[in-house]
Amino acid sequence: MFFSANPPPPFNCMRFPRSPSPIKTVSCVTLTARTLPHLCSLPPVNCMHISPQPVARTPERLPAARSLFPLWKCFPGGTGCSACMEKKMGEAVARVARKVNETVENGADSLDLADCKLMMFPIGIYKVMRNVAEGIHLITLANNELKSVTSKFITTFSQMRELNLEGNYLHRLPEEMRTLLHLKVINLSRNKFRHFPEQLTTLKALETINLEENEITDVPVEKLSSMESLQSVNLKSNPLNEEVRVIARPLIKFDLLVSPKGAHAAPPQA
């Protein structure tokens, strides 16, 4: 079944919003101002075409969709209005739209965008969530393809208590991390950090730091030891130098998790 605002013949097409029966299967969908309002009700699609036309209005029941264009730019392989995306990419676009919409409509305190193949945090989400951002306490962006976290992301979601960035390609954090006064848990495991992100040592509320499976050799032990709330630092599968192992134990009060001496760090992500 093919869905499009302007379906080309000779396909047997169905126009939004009319449908004689519940939609169960879709092979291809074209996202335009007309079809976007129905995005959240679509099942997984095989491919997706995205119109460059701006979306001026969407129904009140789908407020989070209004500013998501051009969402495809945040995904690998997206090339614009007439490009045919592969099945997984189409599913990823729809998944982001659904999850953002659920968070906004339900007034939830968490945003879960894990496993969405994101190369960057979609800019349109800032506008969509501007009225609820301060109520977001948990954000999960695990298992994407992020190479950086922007200062705008940190300042927009300044009330975060927990941030999960596991399984990306990050190698540093913005200085604005120091402003996350309420952050208690951060997961940066399976990334590309060569240096310990020292911005974290200024966060007085921080309790748990997970940096497992990175490429860190040195650790600011003295700064970490002065963090009153810190309970656990996971540095397993990092090529830590011997000095860190010798100096750390007498100074720290928190749990320091490291791999046994001589153990090799996990191989880099492909």
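Is R190 buried, partly exposed or exposed?

Modeller: The model is a predicted one, and within it R190 counts as partly exposed, because its relative accessibility is 25%. The side chain of R190 meets that of E166 in a salt bridge, at 3.2 Å from N to O. R190 lies in the loop between β8 (185–187) and β9 (208–210), while E166 lies in the loop between β7 (162–164) and β8, so the pair ties together parts that are 24 residues apart in sequence. E166 is likewise partly exposed, because its relative accessibility is 22%.

The loop between β8 and β9 also holds R194, which is linked to E215 in the loop between β9 and α4 (221–225), 21 residues away. The side chains of E215 and R194 form a salt bridge of 3.6 Å, N to O. With a relative accessible area of 56%, R194 is exposed, whereas E215 is partly exposed at 23%.

A further salt bridge joins the side chains of E175 and R178, at 2.8 Å from N to O. E175 counts as partly exposed at 47% relative accessibility, and R178 is partly exposed at 36%.

The structure holds 4 salt bridges.

How values were computed
Residues numbered from 1 in each chain as written. Predicted model: local features only at pLDDT ≥ 70, side-chain atom pairs only at ≥ 80, totals over all residues. Heavy atoms only, no water. Helix = DSSP H or I, 4+ residues; strand = E, 2+ residues; numbered from the N terminus. Buried < 20%, exposed > 50% of the residue type's maximum accessible area, 1.4 Å probe, protein only.
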